[in-house]
Amino acid sequence: MASGRAETGRALYARAIAQAQEGSTRRRMLQWNQGWDLYRAGDLEAALGSWGQAYANRLVHPSWVPPTLALALWKLERRDEAVAWYAAAVRTYPDRWSNPAALPALLPDWTKADRATLAEVATAWREAPPAWP
C-alpha cells in the first residue's frame, strides 16, 4: 500500500484476513497492520474500523488501543472522542501517558508528525480532562 498500490493492498489484506480464523491472534494482527496501512494511506475512517475489528469483543485490550485511536480521531476532528481515549490511556498507565515529553520513547516507531499530533491530544487532555464515568 505504501508503494501506491492501495487497491492491491486492500485485496491482499481481505484475502489474508478471510483465511485467518475468526478471533485468532493472526487475524487480529492482520487487522491491526491493515489499520496502520489504511491510516498511512489517508483513509482514517477505515483505519479506525480495522483497529476496532482487531480487538472487538476482547476482555483485555492492549495498551496501544487508546493512544492509536486518539491519534486517528484527533485527525478526523473528533476531538472530544480523541481526548476521551487519551484519558483512558492515562488512567490505565498514568506513569506513561501523563507526560507528553515521554512520547518519543513510548512510540519510537511512530513518525515525528504522529507523535506531535498525539502531543496535541495530550495537551487538550491536560487542559480539560474528561470526567470519569
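**Helices and aromatic rings in a predicted model**

The buried residues of helix α2 are R27, R28, L30, Q31, Q34, G35, W36, L38 and Y39, where buried means under 20% relative accessible area, exposed over 50% and partly exposed in between, with a 1.4 Å probe and protein chains only. Helices here are DSSP runs of H or I with at least four residues, strands are E runs of at least two, and both are numbered from the N terminus. The model is predicted, so that local features need pLDDT of at least 70 and side-chain atom pairs count only at pLDDT 80 or more, while totals for chains, interfaces and linings use all residues. Residues are numbered from 1 along each chain as its sequence is written, and side-chain values use heavy atoms, with hydrogens and water left out.

Confidence is expressed as pLDDT, the predictor's confidence in each residue, from 0 to 100. The chain has a mean pLDDT of 92, and 97% of its residues reach 70 or more. Within the chain, confidence is highest in helix α8 (residues 112-127), at 97, and lowest in α6, at a mean of 92.

Helix α2 covers residues 25-40; its 16 residues should span 22 Å at 1.5 Å a residue, and its end C-alpha atoms are 23 Å apart, which agrees. The expected span of a helix is 1.5 Å times one less than its number of residues. The buried residues of α2 pack against α1 (6-19), α3 (44-54), α4 and α8. After α2 comes G42, whose phi is positive, near 90°.

W36 is found in α2 and is buried, with a relative accessible area of 6%. Leaving out residues up to four places away in sequence, W36 touches W51, T68, L71, W110 and D114; contact means heavy atoms within 4.5 Å. Between W36 and W51 the separation is 15 residues in sequence and 8.3 Å in space, C-alpha to C-alpha.

D114, one of the residues touched by W36, is found in helix α8. The relative accessible area of D114 is 8%, so this residue is buried. Apart from its neighbours within four places in sequence, D114 is in contact with W36, Y39, L71 and K75. The side chain of D114 also makes a polar contact with the side chain of Y39, at 2.5 Å. A polar contact is a pair of N or O atoms within 3.5 Å; within protein, one must be able to donate a hydrogen and the other to accept it, and residues adjacent in sequence count only if both atoms are side-chain atoms.

The aromatic rings form a further theme. A pair of aromatic rings is described by the distance of the centres and the angle of the planes. Rings of Phe, Tyr and Trp (its six-membered ring) pair if their centres lie within 6.5 Å; planes under 30 degrees apart count as stacked, over 60 as edge-to-face and the rest as tilted. By this rule there are 9 aromatic pairs. One of them joins Y55 and W64 edge-to-face, at 5.4 Å centre to centre and 70° between the planes. Y55 is buried at a relative accessible area of 11%, and W64 counts as buried at 17%. For Y86 and W97, the ring centres are 6.3 Å apart and the planes stand at 80°, so this pair is edge-to-face. Y86 lies in helix α5 (residues 79-92) and W97 in helix α6 (residues 94-97), so the pair ties together parts that are 11 residues apart in sequence. Both Y86 and W97 are buried. W32, W36, Y39, W51, Y55, W64 and W110 form one aromatic cluster.

Arginine side chains also meet ring faces. The charged end of R79 sits over the ring of W74, 4.0 Å from its centre, and R96 lies over the face of Y93, at 3.9 Å from the ring centre. The criterion is that NZ of Lys or CZ of Arg is within 6 Å of the ring centre and within 35 degrees of the ring normal.

Helix α5 has 14 residues and reaches 20 Å from its first C-alpha to its last, close to the 20 Å expected. Its buried residues are A82, V83, Y86, A87, A88, A89 and V90, and what covers them includes α4 (65-75), α6, α7 (103-106) and α8. A89 is buried, with a relative accessible area of 1%, and touches P66, P67, P94 and W97, not counting residues up to four places away in sequence.
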